[in-house]
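The following exercises, each with a worked solution, concern the structure shown below. Please study it before reading on.

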Amino acid sequence: MNYLHSNDVARLERKANEIRQSIIEMLTAAQSGHTAGPLGMADVFTLLYFEVLKHDPQNPDWEERDRVVLSNGHICPVLYATLAHAGYFPVEELLTLRQFGSRLQGHPHRGTLPGIETSSGPLGSGLSQAIGMALAERMNNPYSAKYFYCLTGDGEVNEGQIWEAAMLAGKEKLHNLIVIIDRNGIQIDGYTKDVMPLEPLRAKFEAFNFDVQEVDGHNIRSINDAIGKAQAVYSQPSVIIAHTIASKGVDVFERDFRWHGNPPGKGPEDRVPRDQQAQVALEKLRTLAGTISQETL
Amino acid sequence: MRAAHLDTRICSPEVELVPNRRGYGEGLLEAGKRDARIVALAADLTESTQTHMFAEAFPDRFVQCGVAEQNMASVASGMAAMGKIPFIASYAMFSPGRSWEQIRTTIAYNDVNVKIIGAHAGVSVGPDGATHQAIEDIAIMRVIPNMVVIAPADVHEARKAVLAAAQYEGPVYIRLARAPSPVVTTPESPFVIGKAEYCFEAAGAPEQTVGLVTTGTLLHHGLEAAEALQQSGYGVLLLHMPTVKPLDTEALLALSERCVGLVTIEEHQQAGGLGSAVAEFLSAARPTLIIPVGVADQFGQSGDPEELITHYHLDTPAIEMAAKRVLGG
């Protein structure tokens, strides 16, 4: 783990903002897809791909790479945008999202796009796959320095398979497994506390023998510190509960579960008319919600 | 007459009875010795799926997942993504029964090298009853792209199917039975994924010849029926198809040209199994009368295996009766 200097943090924040703009642009072009989760996880993804991971965008199948398993596949716009900005494929290709013949499938497909470790979308199975990868690696080399990151969401942990997997990870003491939960408090039908209350979420994972940390999912330095600690945990899998704001960065969309599965142009109309949603979102991002002029960013 | 490669004791009192799942245990152990990439996973049914032989020989390559078949399927997918060749075994009702979506998305859509072993398929599971009798598994596995589906006839064929699956690159489903069943083939009998084999040939003129097409352990009843039909003066050909997918279309086409119609024979629902696969192909390639011997849209129940085989009209007289319908009798 590297200590982040303030200029590193500023660089990563700027990159996260570019990724958020790409997310808005690709969703707007597709007129289909999920907005809230991708915007909310942009900081975590940026930190992973631009600071934490051992990976090589020019050689996506490099055997020594860390593995990132996106379990909640519907937030793939943030994965695609981050991969493109990291150099896995051209940024312009992002605008083909969800179109016929595109490598950017509505939900990720392994083998179609460089950098995609697994197909996902049906919720609950990514954690199991990350566990399988971590187990296989430990069989091959008990001193391996690879880490296996599983990204999941708070809605996704409703799935029973998550807890089947968690039991196995705890049993196997998979120290090379780091799970990051997008705790944004929303899912399709509403707030998670109404649809299916999860608290005490920390205690649940502790009961499954995980090391548990909770962080502000938009504080780059805090997330980095938490990942560093998780890497150092010995003889236990780790989970980082990243408290995020759904649709982070576009204040008029933030915390509203109605943005879970709608792109700009098809979102709720009570705050921003549909024909202005994309433009407003991009302007909010470019000006950090009006706190700076576009020119200074 | 019976094919020369078959066990000579088949229709005699000396016929050997062995559960074909033992062939999985033996084949897995053998494959594991040959290839260090092979790993085995179990969901609390290690011994009854016969995975224990491998688990005892290679404890470091065995993962006990507990009673969690959905997790097991996806863990295997992850292991395969790292270069392992995982074999996952449970009862067919639970895997693929319960874990179908995980198998479809994380194994088949990912196109990773995982082998799925569904033991205790068919009504011959016996006393455990309908909850444990998978008679839908061929249908739900056959319909998944990239998936190979094999239903071995006996312990030798099961062992060979496991060895072949270990060398085949991609997802494979192997369906096994609980009850001891007649050892019909021999270690020398040929087995190639996707290839059907004639096990009985007494052809007459095509209009007086019936083709029997079997998969799984009902091959034995098929052979008994073939003998009886021959003795009654009919022409009869028995094509055994351990691989339901990919279907050996060449062999089916050739068979259909030699007979007036076919009887498909399987310990599975008539809907979606071998009979459906054969009909899907021949209805376009060479429209042929096909009478299915299989479970007629019912659930199983408790009983002795043979009692249930008879009750659901899967036994030798039921096959003969279907054959006579094909022959216009």
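Domain bounds come from an automatic or database domain assignment. The structure is a predicted model, in which local features need pLDDT of at least 70, side-chain atom pairs count only at pLDDT 80 or more, and totals for chains, interfaces and linings use all residues. Residues are numbered from 1 along each chain as its sequence is written, and chains are lettered from A and ligands numbered from 1 in the order in which they are written.

**Exercise 1.** State how far apart the C-alpha centres of domain 1 and domain 2 of chain B lie.

*Solution.* The assignment gives chain B domain 1 (17–182) and domain 2 (197–326). Their C-alpha centres are 25 Å apart. Their contact (C-beta atoms, placed from the backbone, within 7 Å) takes 29 residues from domain 1 of chain B and 30 residues from domain 2 of chain B.

**Exercise 2.** Determine how the axes of helices α1(A) and α3(A) cross.

*Solution.* Helices are DSSP runs (H or I, at least four residues), numbered from the N terminus. Axes are lines fitted to C-alpha atoms, for helices over the stretch in contact, with angles from 0 to 180 degrees between N-to-C directions. The axes of α1 (residues 6–30) and α3 (residues 42–52) of chain A come within 9 Å and cross at roughly 120°. Angles under 35 degrees count as roughly parallel, over 145 as roughly antiparallel, 65 to 115 as roughly perpendicular and the rest as oblique; α1(A) and α3(A) are therefore oblique to each other.

**Exercise 3.** Identify which helix gives the most to the side of chain A that touches chain B.

*Solution.* In total, 22 residues of chain A are in contact with 24 residues of chain B. Both α5 (126–140) and α6 (160–172) of chain A supply at least two residues of that side of chain A. The most comes from α5(A), with 10 residues.

Terms used. Contact = placed C-beta atoms within 7 Å.
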